[in-house]
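The sequence and structure are shown first.

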Amino acid sequence: MLSEDEQLSIVRALTVTDPSPDPESDELIRYVARVCNAPVALLALVGRSRLWFKSRLGLEISEAPKFALPQDIEVIEDAAADPRSSGDPLLALVPGARFLAVAPLHEGQTEVGVVAILDRTPRTLSAHQIDALRSAASQALGLLKLRRRVRLLEALLESSPDQFYAFDARGRYIYASERGARAMGLDSAQMLGRTWQDLGWDPGYTAQFYGMLRLALTTGRVVEDARAVSTPGGMVHHEYALAPLRGQRGEIEGVAVTARDVTARVAAEAERQAALDTAQRAVRQRDDVLAVVSHDLRNMLNVFRLTASSLANELPEDAALARDFVGRLERQADAMSRLVDDLLDVARIDAGSLRVARTSCDARTLAQDALLAVQPLAAQKGIALEAELPGPGTLVHCDRHRILQVFANLLGNAIKFTEEGGVRLEVSVEQREACFSISDTGAGISPEHLPHLFERYWQAREGERSGAGLGLYIARRIVEAHGGRIWADSARGKGTRISFTLIRPQPAP
């Protein structure tokens with residue numbers, strides 16, 4: 001059973017508590033009074049401690065004490081002979097009243113109100129009159145529910161930043177939301193029954209707007225448009241959506257129009273585009289400068305390397321210390337050259353111009369060439385290189401130069417960060433792809449660092465991986481450009497395993 005507060009909440013949601021005249025309710029009460037031949041009739045709604053009269057006929061009083069409503073129509077044909085009349089609050093409203101008929105309004109378990117008729121003469125209602133009274137109560141409840149839906153809809157419309165209008169088939173306003181009317185500098189009541197031309201609103205758009213109205217009316221489709229209007233406050237942008245209004249049988253009776261002010265969004269998009277254009281110009285300028293600087297720096301490094309090599313050839317056999325110094329210079333020049341190449345690759349990736357020319361390559365030969373390239377570095381550190389490779393003829397679809405660049409980075413890192421033990425390259429083959437895995441016996445990588453391993457410029461804490469933070473990022477982007485995947489598995493003190501996949505060529509169907 002609902003509490004009194006819960007029932008009252010439902011009643012308030014259903015009823016319109018405005019005591020101003022209500023033509024529909026008044027017409028309903030006049031109808032039931034006429035059919036039942038009653039001089040007094042009323043529609044009373046439940047409040048917290050009283051019944052207040054939404055509509056009344058033949059009665060000046062506007063409220064009555066609250067009482068428990070019957071479950072169905074209740075009739076007192078002669079108050080003088082019926083004990084139920086004692087203390088009845090409705091009979092007490094009319095001096096000398098002898099007759100009372102009450103039809104309750106219920107919403108589920110909730111008492112909403114009553115439709116009642118009174119007379120000073122005892123009488124009996126016919127079956128037809130009882131049906132009319134019951135029908136009036138049902139219509140009164142339906143009217144309250146309809147009013148509630150209208151209020152909710154109006155509240156939703158007014159809470160929206162959009163503007164809402166409705167037109168009949170002749171292009172006349174039949175509805176305008178308060179926000180929509182204010183946007184036009186008008187009162188909504190002034191707009192009803194008038195056309196766009198009558199109101200003089202945006203004359204330059206009238207013909208196009210009414211053309212869209214006709215299109216929505218004749219096709220039954222939603223029609224959309226956008227318009228920019230110059231105002232004293234600046235350019236205003238609107239988007240329009242025109243949807244057909246259909247009757248109970250599906251026939252098109254008018255058009256509902258939604259107008260949305262998108263000035264702020266258009267301005268934001270313009271600012272975003274301007275910022276994007278500025279950023280793209282800056283990137284192009286950076287790339288141009290980087291290309292020029294990298295070209296000049298590469299030329300200087302080549303001169304440096306050739307000079308160091310020539311100097312090493314000219315040194316006498318017993319100049320071991322000098323040869324060591326020259327070797328260091330050559331290694332540093334090689335490292336600087338690789339850094340310049342990495343910077344250029346990052347610039348190409350950012351610009352979307354990293355070129356990948358894929359052909360069919362033998363996976364075994366690819367892996368063997370990658371191992372051969374890092375053999376001197378492994379030998380210098382005393383690191384053993386191991387491999388588990390497929391047989392000849394296992395093809396992958398890739399850019400050989402770019403994938404060898406990936407191998408050089410992954411194998412080079414594995415050797416660099418392994419102090420003792422070995423580095424192993426394994427290749428596993430499935431129907432659609434081949435997986436290349438490089439594992440080492442180094443210090444490993446902390447779990448919290450793994451998700452960031454392939455990010456640009458990212459470096460682990462001191463004592464783990466170090467460098468410019470470009471190699472693994474470039475490797476990831478190269479593998480992804482091939483349609484492959486790359487990932488790492490590692491734990492502190494247990495080494496690192498980095499794997500990537502390449503797509504295998506598929507036979508034609």
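In this predicted model, helix H3 (residues 127-159) lies across strands S1, S5 and S6, and runs at about 40° to S5. Helix H2 (residues 23-36) lies across S1 (40-46), S2 (50-57) and S6, with an angle of about 75° to S2.

| Helix | Strands it lies across | Angle |
|---|---|---|
| H2 (residues 23-36) | S1, S2, S6 | about 75° to S2 |
| H3 (residues 127-159) | S1, S5, S6 | about 40° to S5 |

The strands belong to an open sheet of six, ordered S3-S2-S1-S6-S5-S4 and paired in the antiparallel sense. Strand S3 (63-65) and strand S4 (74-76) each have a single partner strand and stand at the edges, so one side of each lacks a neighbour in the sheet. On average, neighbouring strands of this sheet are turned by 25° against each other, direction ignored. Nine bridges join S5 (residues 99-107) to S6 (residues 110-119) in antiparallel pairing. Glu107 has Thr110 in S6 as its bridge partner.

A further contact involves two helices. The axes of H10 (residues 363-381) and H11 (residues 400-416) come within 9 Å and cross at roughly 30°. Angles under 35 degrees count as roughly parallel, and H10 is therefore roughly parallel to H11. The crossing of H10 with H11 is right-handed. Residues of H10 in this contact include Leu366, Leu371, Val374 and Lys381, while those of H11 include Arg400, Ile403, Phe407 and Gly412. By class, the contact of H10 with H11 comprises 11 nonpolar, one polar and four charged residues.

Technical notes. Residues are numbered from 1 along each chain as its sequence is written. This is a predicted model: local features need pLDDT of at least 70, side-chain atom pairs count only at pLDDT 80 or more; totals for chains, interfaces and linings use all residues. Side-chain values use heavy atoms; hydrogens and water are left out. Two strands pair if DSSP finds at least two bridges between them. Helices (H or I, at least four residues) and strands (E, at least two) are DSSP runs, numbered from the N terminus. Axes are lines fitted to C-alpha atoms, for helices over the stretch in contact, and angles run from 0 to 180 degrees between N-to-C directions. Contact means heavy atoms within 4.5 Å. Angles under 35 degrees count as roughly parallel, over 145 as roughly antiparallel, 65 to 115 as roughly perpendicular and the rest as oblique. A crossing is left-handed if the near helix is turned anticlockwise from the far one by less than a right angle, and right-handed if clockwise. Ala, Val, Leu, Ile, Met, Phe, Trp, Tyr, Cys and Pro count as nonpolar, Asp, Glu, Lys and Arg as charged, and the others, Gly among them, as polar.
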